[in-house]
Amino acid sequence: MSSTTSKIIAATASGYHILKIEGYSGTKFLSNGRSIKSPPFTAAGHRWSIEYYPNGKARFYQACISLYLVLEEDVASPVKALVQFSFAAEERRHLVPFFPKKSKTPAPLFKSGELDFVSRGANGCDEFIERSSLEKSKNLRDDSFTIRCDIVVLNGFRAEDVGPAKNNSAPRCVYVPPSDLIQHLGNLLTSGKGADVVFEVGGEMLAAHRCLLAARSPVFATELFGSMSESGGAAGVVRVADMEGRVFRALLRFLYTDSWPETAKEEECAMAQHLLVAADRYGMERLKLLCEDNLCKSISLGTAANILALAELHNCNDLKDACIDFLISPGNLSAAMTREDFENLKTSCPSLVKELIDTLQSIG
């Protein structure tokens, strides 16, 4: 008798993040509905942050701590994920697996079903724990406690035909988790462990790893290992002029994780402009293109002139064309010409303004 086998495989990506709340008693003064957000982190192939509400998110949960996971990305379709919040013991740095076997380990305080995360969207737990219960528990030590957030992203399912069965038993297979290299590299940058170069930028001292920077940027390779150097003389210290500390930090984060920096919505356009200059300076073409794409979405009457000048200066032809297309739209050019930044453009790039006017006349 012949037999065949097949299998259905759930494609998933998993990861976790440890968040420590220090000075818990001080956070209790935050009013209901107000949160403190963690720094962004990468897990399960996506960029996230955690919102901590010490007095609950909704008014019905003022006696509780609420925890929400935020997707810090723009996505074309919702990210489907399972989320688990638990207390994590600092000394062992791990907790219950997401799909645990029977054990005596305490169950997580919050374990979700399938959740949909839209761009910049949040899902979470309103009743993680009552503050009175936390304050009586062993989880609160020295006015601090530690939370572990486990994330499993569901990337769909697939069916495979395995073929003829052997010995009437299906073949065994071993689950190989997705790569978490980006998460480890991000942690390496954060910890500074093994760092062998320090950058002095805008009064800040930022540690990094020469080999990694050189592998990611031909300019860093030359500066750190070639004859060219920005060093000011102190061993292992590289002084970077004409750049803000926050911009260089974002540049380093991208070098290590290939991820767009976490930025407040109102500051995204400015950060993209600064990063475009930095990307061009250090020969990072992918980051430069990401900045161009971000700025294309940020063109308005208030930004068009500055972005156009930036595109011209750094040879961003697609971004330049996008600015010109916007400005030659009916009414936009006349409105833009009344602004101070357009006057600056006429002074700094008169040929660019002439090109803009010629383009408008050619289609008129």
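**Close-up views of the predicted model**

The protein chain has an average pLDDT of 84, and 86% of the residues score at least 70; pLDDT is the predictor's confidence in each residue, from 0 to 100. The model is predicted, so local features need pLDDT of at least 70 and side-chain atom pairs count only at pLDDT 80 or more, whereas totals for chains, interfaces and linings use all residues. Residues are numbered from 1 along each chain as its sequence is written, and side-chain values use heavy atoms, with hydrogens and water left out.

View A. Where pLDDT is low, the predicted coordinates should not be read in detail.

View B. Helix α12 spans residues 340-348, with Asp341, Phe342 and Leu345 buried (helices are DSSP runs of H or I, at least four residues, numbered from the N terminus; buried means under 20% relative accessible area and exposed over 50%, with a 1.4 Å probe and protein chains only). The buried residues of α12 line one face because, seen down the axis, they fall within an arc of 100°, taken from the directions from the helix axis to the C-beta atoms. Glu340 and Thr347 are exposed on the face turned away from the buried side.

**View C. Cysteines without a disulfide.** The structure holds zero disulfides (a disulfide is a pair of cysteine sulfur atoms within 2.5 Å). The sulfur of Cys64 lies 8.4 Å from that of Cys125, the closest cysteine sulfur, and this is too far for a bond. For Cys316, the nearest cysteine sulfur is that of Cys291, 8.7 Å away. Cys64 is buried at 6% relative accessibility, and Cys316 is buried at 0%.

Definitions and conventions. Helices (H or I, at least four residues) and strands (E, at least two) are DSSP runs, numbered from the N terminus.
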